[in-house]
Amino acid sequence: MPDLVSDEVVERYRREGFIRIPGVLTPQEVESLLAVSLLRLDEAEKVNWDRADGRVMDWVPHVDRVSEELRGLALHPRVTAVAERLAGGPLRLFKSELLRKGTAGSALTPLHADAPAIPFAGRSIGLTAWAALTDVPVERGCMSYIPGSHLVPHERDDSGDQDPFRCPVNLVWEPRVTVPVRAGDVTFHHERVLHLAGRNDTDEVRVSLATVYMDAEAVYEPSDLVPDDLGGLLPGQPLDDDRVFPLIGAHS
Ligand code: AKG
């Protein structure tokens, strides 16, 4: 397998908290995974994320548990090898979601970091692989990131406002980097990096698979921001059931 990640890429990821790796999936892989995904998105039960200005996205939760093909993408050797190299330590699959941002009229994905909404605690090396199954130019709602925001505190003002989608006051004026992607590219972002995505203003849906990998030693830590759909785990319980949270990459 060709090495998709040089030392320089790893260093950039660690400094900025995100990276785009072009052409991780072949055109044939993209074609068949997109066909499977569109069928799933039509047929499966989905979660809708609606805000005042429209629908941000809908998605099939835990799609790796119901689709062999998409589990194959979540555990794809090229994707997991990159994830583990960027993280710098052993990882497990935490969850994989099949995302769709609808056509014109969708809302933007508000700025946030993932860590407060993912119910695990461990070394802060968790990351998301966001595999584009359609081209995502700026006008189809690609992601933007605040480089380096994973390395600094996220300061709240003292108004008591706990809105997780409000930009931390110390980062409001930091530059944001917008990253359009081609189908088959995969972006990786650190669990603490702040990111958002634009609206889809085109007449084609945006389809992607977002897979979260966690420190292999992570333990369950409930989050106030998301309902518990893991089924009765106790706080502090290791997430080490290999059938549900398999080790990935070199450690699988
Ligand atoms: C994530 O994967 O962490 C996201 O926030 C995805 C946002 C999007 O796909 O618009």
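This briefing describes the cavity and the pockets of the structure above. The model is predicted, and a search of the whole structure finds one cavity of 30 Å³ or more. The largest pocket has a volume of about 1200 Å³, while the second largest pocket has a volume of about 160 Å³.

**Largest pocket**
- Of the 45 residues that line the largest pocket, Lys95, His112, Asp114, Ala117 and Val226 are the closest to its centre.
- Two or more lining residues come from each of the strands β2 (47-51), β3 (54-60), β4 (91-101), β5 (109-112), β7, β11 (195-197) and β12, and the largest share, four residues, is that of β4.
- By class, the lining of the largest pocket holds 27 nonpolar residues, along with nine polar and nine charged ones.

**Second largest pocket**

**Cavity**
- The largest cavity, with a volume of about 30 Å³, is lined by Leu73, Ala74, Val79, Ala129, Ala131, Leu209, Thr211 and Tyr213.
- At least two residues of this lining are supplied by each of α3 (68-74), β7 (127-132) and β12 (206-215), with β12 giving the most, namely three residues.
- The lining of the largest cavity divides into seven nonpolar residues and one polar residue, with no charged residue.

Key:
Residues numbered from 1 in each chain as written. Predicted model: local features only at pLDDT ≥ 70, side-chain atom pairs only at ≥ 80, totals over all residues. Heavy atoms only, no water. 1 Å grid on protein atoms, 1.4 Å probe; cavity = no way out; pocket = protein on both sides within 12 Å on 5 of 7 lines; lining within 4 Å. Points joined across faces, edges and corners; volume = space filled by probe spheres on them. Nonpolar A, V, L, I, M, F, W, Y, C, P; charged D, E, K, R; others polar.
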